Amino acid sequence: MKELKLAMIGLGRFAELHAGIWSRIPGVKVTAICDQDAERFPRFKAWFPDAACYTDWRELLDSQAFDAVDVLTPEHLHDEPTIAALRAGIHVFAEKPIAHRPEAAERMIEAAESGGKVLMIGHVLRFDPRYAAVKDRLAANPFGRIRTIYAKRNNGSVFFPIYNRVHPAYILGIHDIDLMHWYMDDEVEEVYALRSSAEPGGPPDASWAMLTFRKGGIGILENNWLLPGGAPAPADVRMEISAERGAVMIVDPEPGVYYSDDSRTDVHGFFNDHVLHGARGGSLAAELSHFVECARAGAPSEILKPRDALRALRVAACVERSAAEGRVVRISERAGAP
């Protein structure tokens with residue numbers, strides 16, 4: 001098995017999950033890590049003691065030959081290191097959303113396509129066995145045409161100071177926008193959205209959006225960063241699909257294990273992330289293993305296509321604009337930031 005030399009760019013909260021997985025995938029060696037904050041290096045050196053450390057991703061890319069790069073910077077900083085790596089002949093995994101603006105995402109995809117390199121965007125729910133099973137069942141068409149999909153994805157208020165840099169549609173809603181496209185096999189035509197903020201003029205911590213699809217399907221997105229610390233889980237997620245001859249419901253976290261003490265009862269989900277005998281598993285581990293397979297083969301994924309990520313990003317941008325302008329926004333407007 002050929003060793004895959006990999007670099008990590010961006011060492012934030014989610015990068016720790018990636019690091020725990022990369023350290024366990026056979027044949028993957030993280031040889032360099034990068035973050036503007038050098039104080040984060042010791043945490044990651046515990047996983048990768050021989051990795052070189054950089055505060056500038058440009059210096060990292062010039063330092064040695066890499067097979068792959070994992071881009072974990074904030075979304076508005078995805079495009080430059082991704083494009084540079086792709087042009088240097090390096091495969092790239094980047095977390096969702098693909099970028100903060102469609103124009104940046106388009107440049108990333110052009111760099112991948114022109115260079116013949118793998119660009120994979122982390123829409124991890126396509127590797128969640130529940131959502132994947134629903135896709136297979138819907139593809140067999142036992143329920144007929146999907147009429148509506150309601151998706152609630154609400155998260156803990158403790159995380160809002162990290163993610164208040166962007167509208168909730170980019171971090172929370174983007175998951176379900178991608179799933180709605182995937183399940184309906186259709187395109188969003190127009191968007192109407194509302195937002196709410198704790199203070200007038202402040203960053204929105206809550207959003208509702210209605211998506212109208214070309215074939216007549218309707219999608220509803222509920223997103224907020226309002227779950228209190230005493231909630232039974234750090235996220236409250238539900239998807240309800242109504243079709244002509246049936247319905248589907250997905251709830252996350254799945255109520256499998258409850259931990260209770262004098263202060264609260266915690267419902268712990270295992271599909272997305274778990275540790276089994278020291279090894280991290282779940283949807284993210286399956287997704288990153290899939291990237292390794294594609295990178296080794298030099299072949300793009302048929303599950304995670306960058307243009308699907310771009311499609312979801314365009315809808316999220318329209319959700320942001322609709323909420324800001326108080327009007328229906330058509331996807332064909334291809335608008336940038338409001």
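In which loop is the place of His277? Select the loop between strand 15 (274–276) and strand 16 (279–281), where His277 has its place. Helices here are DSSP runs of H or I of at least four residues and strands are runs of E of at least two, numbered from the N terminus.

Before continuing, note that this is a predicted model, in which local features need pLDDT of at least 70, side-chain atom pairs count only at pLDDT 80 or more, and totals for chains, interfaces and linings use all residues. Residues are numbered from 1 along each chain as its sequence is written, and side-chain values use heavy atoms, with hydrogens and water left out.

**Positive phi**

Stay on His277, a residue other than glycine, and inspect its phi, a positive value near 55°. His277 is exposed, at 79% relative accessibility; exposed means over 50% relative accessible area, buried under 20%, and partly exposed in between (1.4 Å probe, protein chains only).

Next, select Asp185, in the loop between helix 8 (168–184) and strand 8 (188–197). Asp185 is not a glycine, yet its phi is positive, at about 50°. With a relative accessible area of 58%, Asp185 is exposed.

**Cis peptide bonds**

Move to Pro97, in the loop that runs between strand 5 (91–95) and helix 5 (102–115). The peptide bond joining Lys96 and Pro97 is cis, with omega of about -10°.

Finally, select Pro253, found between strand 12 (246–252) and strand 13 (257–260), in the loop. Asp252 and Pro253 are joined by a cis peptide bond, with omega of about 5°.
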